[in-house]
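Please look over the model below before reading on.

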Amino acid sequence: MTTGALAAAMLLPLGCSKFDELNTDPDSTTTASSGMLLTGQLWSALTMGGKSGDKWYFGDMFFTKQISWQEGSQDSRNTQYNVIGRTGLGRYTGMMSLRRMVENANPIDKEAYEGVELFMKAYFMFDATMSLGDIPYSEALKGEEGIFKPKYDTQKEVVTYMLDDLDQAYAKFSAATRNFDGDFCYGGDPAKWKKAVSALQLRILINLSKKIGEADLKVAERFAKVVATQDLFSSSSDNFQLVYGKLSSQLFPLYLSKFNMYAGVSTTIIDEMKKNQDRRLFYYCEPAKSESDKSPDSYDAYLGVNPTDVYSDILARYNEGSISNVNNRFWEVETGQPTIQMGYAELNFVLAEACLRGWISGNANDYYHEGIRASMEFAAAYTPDEYRHGVVIDDAYIAGFLAKPGMQLGCTSASFEKDLREVLTQKYLDFFMHNTYWCYYDYRRTGYPEIPINPETNLNPDPTKMPMRWMYDKREYDYNREALDEALQRQYGGNDDWNELMWILK
């Protein structure tokens, strides 16, 4: 673990010692079970963007331009206009809980919990390396061995370690003999976890598309091997997702939110759906108040907003009611919809891109269509009749939509760029109201989906571009400065800057 995270972990029990003494039952165990430890880390993995609560449920979507926020607060405006700041390595503290989870496991369940630890480490740390670049990995979590200032591995080393760890995780779950405790996502089913491992491997590998020339990584070969030999998601029932319940602690984060009037849906969502006559529009959005003379089942009743416009112009449109809000179901249905972190629809879009790149055989169009089908079926499953604005998404509609000439990929080398744009745009539409940072990572490496940039409002130091990364948290400077300085010099010529390109993007 990093020194900063280690210091936080060391301070926690000292600061709480009196509380612990007063609140410990001498007749009960003080050792957390493996199941309890897993539940806590799984909750952390599956909550939206690592957060809960209403306004900042949308935080990722401000940045990826799916939502424009009309409240007027400076913090949301900064995010909307590309101020992304710093991020740290706090996830390493959670890795300690996963280590304890394995140590406390019943021998018969040890293989499964070891698989979970390997999966979760790669899952959390891949997001960290995609945010920052080089991070500690090989020497992380070795404080008990006297390593308090771990080196920063290169990003290439990090992804190699992750892929190897996930190979081991798949083998661990394959060897597991029964369901294990603490897993509210898959009910402790090792077979389901194998599919999640495969999905994460393919997510990592598709993000290495610029590194296809690195012979030792064998990106295309590894991708093809996973597809050919491992279990994959076969439906949305396999999604790695958080399903909400009706108890007060389980409600959808936006239920009865006081912020519901501030979430305007972007032109990146609405205009794309109007262009294709995509009925998910009616399930995602509300008609604009200014268009009350139009039927709610008319595409013309829905108006998007460009989140990069001058804020005074956005507020003027908000005040006149000419921006569509998100569908009222997100505020009024207590269980909302599951928050998907890795899903069946995404997997199909990843497979479609791999086909376009020639990494696997098969028809990219088939995967593309299956991703759209899964996305539409998910929207239909979680939109009650009274929130559909009189519009139906059923098998007949989906079949007709997918048969449209405009929804066919060319699947030729000449049509590659257009095809890639279509695949990644549909992926972006599917991620609406989920974790959209992965679409931003697609944008960084491919230019798609097309995220609007307005130099007049862009707060990035280079106003013509989206930021390319986050800066390292100040705690890393405080506790592990020498190792961090070495990593910064190696990657960015010593510059910890938003616009530097990490290895995976070069």
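Where is the place of P449? P449 sits in the loop between helix 19 (437-446) and strand 6 (471-472). The model is a predicted one. The points below are grouped by topic.

**Backbone geometry**

- Most peptide bonds are trans, and most residues other than glycine have a negative phi.
- The bond joining Y448 and P449 is a cis peptide bond, with omega at about -5 degrees.
- K65 is not a glycine, yet its phi is positive, at about 65 degrees.
- The loop between helix 4 (59-63) and strand 1 (67-69) holds K65.
- K65 has 0% relative accessibility, so it counts as buried, the cut-off being under 20%.
- H389 also has a positive phi, near 55 degrees, and is a residue other than glycine.
- H389 belongs to the loop between helix 16 and helix 17 (395-403).
- With a relative accessibility of 15%, H389 counts as buried.

**Helix 7 against helix 8**

- The axes of helix 7 and helix 8 are 8 Å apart, and the two pack at an angle of about 155 degrees.
- Angles over 145 degrees count as roughly antiparallel, so helix 7 and helix 8 are roughly antiparallel to each other.
- The contact of helix 7 with helix 8 divides into 15 nonpolar, 4 polar and 5 charged residues.
- The crossing of helix 7 with helix 8 is left-handed.

- D153 is in the loop between helix 7 (110-132) and helix 8 (155-175).
- D153 is buried, because its relative accessible area is 0%.
- Which backbone atom does the side chain of D153 reach? The side chain of D153 reaches the backbone nitrogen of Y137, at 2.9 Å.
- Not counting residues up to four places away in sequence, D153 touches D134, I135, P136, Y137, S138, E139, V158, Y161 and R490.
- D109 lies in the loop between helix 6 (91-103) and helix 7.
- D109 counts as buried, because its relative accessibility is 7%.
- The side chains of D109 and R178 make a polar contact at 2.9 Å.
- Leaving aside neighbours within four places in sequence, D109 is in contact with R178, N179 and F180.

**Helix 16 against helix 18**

- Helix 16 (residues 364-381) and helix 18 (residues 416-430) pack at an angle of about 15 degrees. Their axes are 10 Å apart.
- Why is helix 16 roughly parallel to helix 18? The angle is about 15 degrees, and angles under 35 degrees count as roughly parallel, so helix 16 is roughly parallel to helix 18.
- Helix 16 and helix 18 have a left-handed crossing.
- From helix 16, Y368, I372 and S375 take part; from helix 18, they meet E422, V423, Q426 and D430.
- By class, this contact of helix 16 with helix 18 has 3 nonpolar, 2 polar and 2 charged residues.

Terms used
Residues numbered from 1 in each chain as written. Predicted model: local features only at pLDDT ≥ 70, side-chain atom pairs only at ≥ 80, totals over all residues. Heavy atoms only, no water. Axes fitted to C-alpha atoms, helices over the stretch in contact; angles between N-to-C directions. Helix = DSSP H or I, 4+ residues; strand = E, 2+ residues; numbered from the N terminus. Parallel < 35°, antiparallel > 145°, perpendicular 65-115°, else oblique. Left-handed = near helix turned anticlockwise from the far one by under 90°. Contact = heavy atoms within 4.5 Å. Nonpolar A, V, L, I, M, F, W, Y, C, P; charged D, E, K, R; others polar. Buried < 20%, exposed > 50% of the residue type's maximum accessible area, 1.4 Å probe, protein only. Polar contact = N/O pair within 3.5 Å; in protein donor to acceptor, adjacent residues only side chain to side chain.
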